[in-house]
Every structure is written in structure tokens, then in C-alpha cells.
Amino acid sequence: AQEVLIDPGALTTNGISADTSTEIGRAKNCLSPEDIIEKYKEAISYYGKYKNAGVIELEACVKAVRVLAIQKRAREASEFLQNAVYINLGQLSEEEKIQRYSILSELYELIGFRRKSAFFKRVAAMQCVAPTIPEPGWRACYKLLLETLPGYSLSLDPKDFSKGTHRGWAAVQMRLLHELVYASRRMGNPGLSVRHLSFLLQTMLDFLSDQGQ
């Protein structure tokens with residue numbers, strides 16, 4: 001066998017050539033970025049025809065989104081994610097449901113859809129305390145809710161709420177703050193619950209109805 005010498009300096013730390021002109025063993029029939037996505041679409045359409053192939057279909061969607069994120073094609077990636085939301089995976093455990101929504105949140109964050117990411121993380125948080133769970137995970141719920149704050153343009157620093165500088169949807173932000181109040185109370189921390197409630201009154205008073213106040 002003929003010995004092939006490779007210059008160590010031609011490769012980066014992850015083994016990929018830094019200079020595309022010196023790539024080693026590059027296949028002549030390598031798919032273009034557009035062809036890769038078309039192949040994913042074709043595969044997903046086939047998987048979608050089989051009732052028991054939901055997990056494989058979801059995995060293909062996830063991989064396609066990661067490829068599109070690298071290619072900075074966020075709109076097309078969001079279409080794959082929209083499809084992933086409606087894939088029927090059959091009977092999932094509560095833990096698997098939490099994992100699914102968390103992955104969707106991570107992928108939406110990856111393509112820059114922050115509000116969508118926050119929405120699915122909030123769904124994952126609610127799944128942690130679903131009525132079907134014998135021991136609801138209020139701490140996990142609270143932690144996930146905190147992680148949704150940036151996606152809803154919400155800060156827990158009162159200094160960020162000076163007069164006339166409110167950002168985001170107040171109705172959603174108030175609901176999220178109510179959820180933080182309730183979760184902190186249920187996890188046995190009434191002091192934290194009062195702190196969140198005081199913050200809500202201090203920053204959202206103008207948006208509260210008379211009954212809400």
C-alpha cells in the first residue's frame with residue numbers, strides 16, 4: 001500500500017482542514033448544501049407515512065435543523081421544527097415529554113427564535129408539574145421558568161423598568177411572574193414568592209386591572 005503523508009499543520013484541532021483547497025479525500029459526488037436539505041425532506045416524507053417511525057422522523061427533523069442553523073437558514077429551519085411539533089410519538093413518559101419540549105426550545109434558540117424558544121421551555125416547565133406526576137418537580141419547573149425570562153424581554157432587575165421603557169408583551173410577562181410566584185410557593189420558599197409578587201406590583205402596576213391589583 002502506498003504511504004500517504006499528511007501535514008499535521010493542515011488540520012485544525014477537530015480534524016477538518018482549515019484550507020479547503022487542501023481537503024483530503026473529498027468525494028467528487030459530495031452533496032451541495034441544498035441537496036442535503038432536499039434529502040432530509042425526502043427522508044422525512046417517507047418516515048411520515050409509517051405510524052411507528054415517529055422517533056426516526058423527529059430525529060431527522062432535528063438533524064436537518066442543526067444543518068440549516070450552520071447554513072444560517074433560520075426560516076427553513078423553523079419549517080422543519082414546525083413539523084417536529086406535530087409528529088406523533090405515541091405514549092411518552094412525562095420525562096420524555098419534558099425532554100422533547102426542552103429540545104424544541106434549544107433548537108429554536110439555536111436559530112434565533114427567542115420567543116418560540118421561551119414558549120417551549122415554559123411548556124417543559126409546566127410538564128414538570130403535570131397532574132399525572134406523583135411527585136411534581138417544582139424546583140425544576142421554577143428553574144425552567146427563570147430561563148424563559150430573556151425570551152419574553154423580562155428582567156428581574158427593577159432598574160430595567162424605568163418609566164416609558166417597557167419592552168415585550170405585558171400580559172404574558174405578568175402571567176409568567178404569577179407562575180414564578182406560584183412555583184416558588186409550591187417549592188416551599190414563601191420569601192421568594194413574596195419577592196416576585198412585590199416585583200410584579202412595582203413594575204406591572206400600570207398594566208393590572210382593578211381586580212388584579
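## Accessibility and the end of helix α8

A residue is called buried when its relative accessible area is under 20%, exposed when that area is over 50%, and partly exposed in between. In this predicted model, Leu-201 has a relative accessible area of 39%, so Leu-201 counts as partly exposed. Leu-201 is found in helix α8, and although eleven residues separate Leu-201 from Gly-212 in the sequence, their C-alpha atoms are 9.9 Å apart in space.

Thr-203 also lies in helix α8, which covers residues 190-204. The relative accessible area of Thr-203 is 13%, and Thr-203 is therefore buried. When residues up to four places away in sequence are not counted, Thr-203 touches Pro-158 and Phe-161.

## The chain as a whole

The chain contains eight helices and zero strands, so that, read from the N terminus on, its elements run α-α-α-α-α-α-α-α. Of its 213 residues, 34% count as buried.

## Helices α4 and α5

Helix α4, made of residues 94-110, and helix α5, made of residues 114-127, have axes that come within 7 Å of each other and cross at roughly 165 degrees. Because angles over 145 degrees count as roughly antiparallel, α4 is roughly antiparallel to α5. The crossing of the two helices is left-handed.

On the α4 side, the contact is made by Glu-94, Lys-97, Ile-98, Tyr-101, Ser-102, Leu-104, Ser-105, Tyr-108 and Glu-109, while α5 contributes Arg-114, Lys-116, Ser-117, Phe-120, Lys-121, Val-123, Ala-124 and Gln-127. By residue class, this contact of α4 with α5 divides into seven nonpolar, four polar and six charged residues.

What span should α5 have, at 1.5 Å a residue? The 14 residues of α5 should span 20 Å, and the C-alpha atoms at its ends are 20 Å apart, which agrees with that expectation.

The buried residues in α5 are Ser-117, Ala-118, Phe-120, Arg-122, Ala-124, Ala-125 and Gln-127. What covers these buried residues includes α4, together with α3 (74-85), α6 (138-147) and α7 (170-186). Ser-117, Phe-120, Ala-124 and Gln-127, which are among the buried residues of α5, also take part in the contact with α4.

Note on methods
Residues numbered from 1 in each chain as written. Predicted model: local features only at pLDDT ≥ 70, side-chain atom pairs only at ≥ 80, totals over all residues. Heavy atoms only, no water. Axes fitted to C-alpha atoms, helices over the stretch in contact; angles between N-to-C directions. Helix = DSSP H or I, 4+ residues; strand = E, 2+ residues; numbered from the N terminus. Parallel < 35°, antiparallel > 145°, perpendicular 65-115°, else oblique. Left-handed = near helix turned anticlockwise from the far one by under 90°. Contact = heavy atoms within 4.5 Å. Nonpolar A, V, L, I, M, F, W, Y, C, P; charged D, E, K, R; others polar. Buried < 20%, exposed > 50% of the residue type's maximum accessible area, 1.4 Å probe, protein only. Expected span 1.5 Å × (residues − 1).
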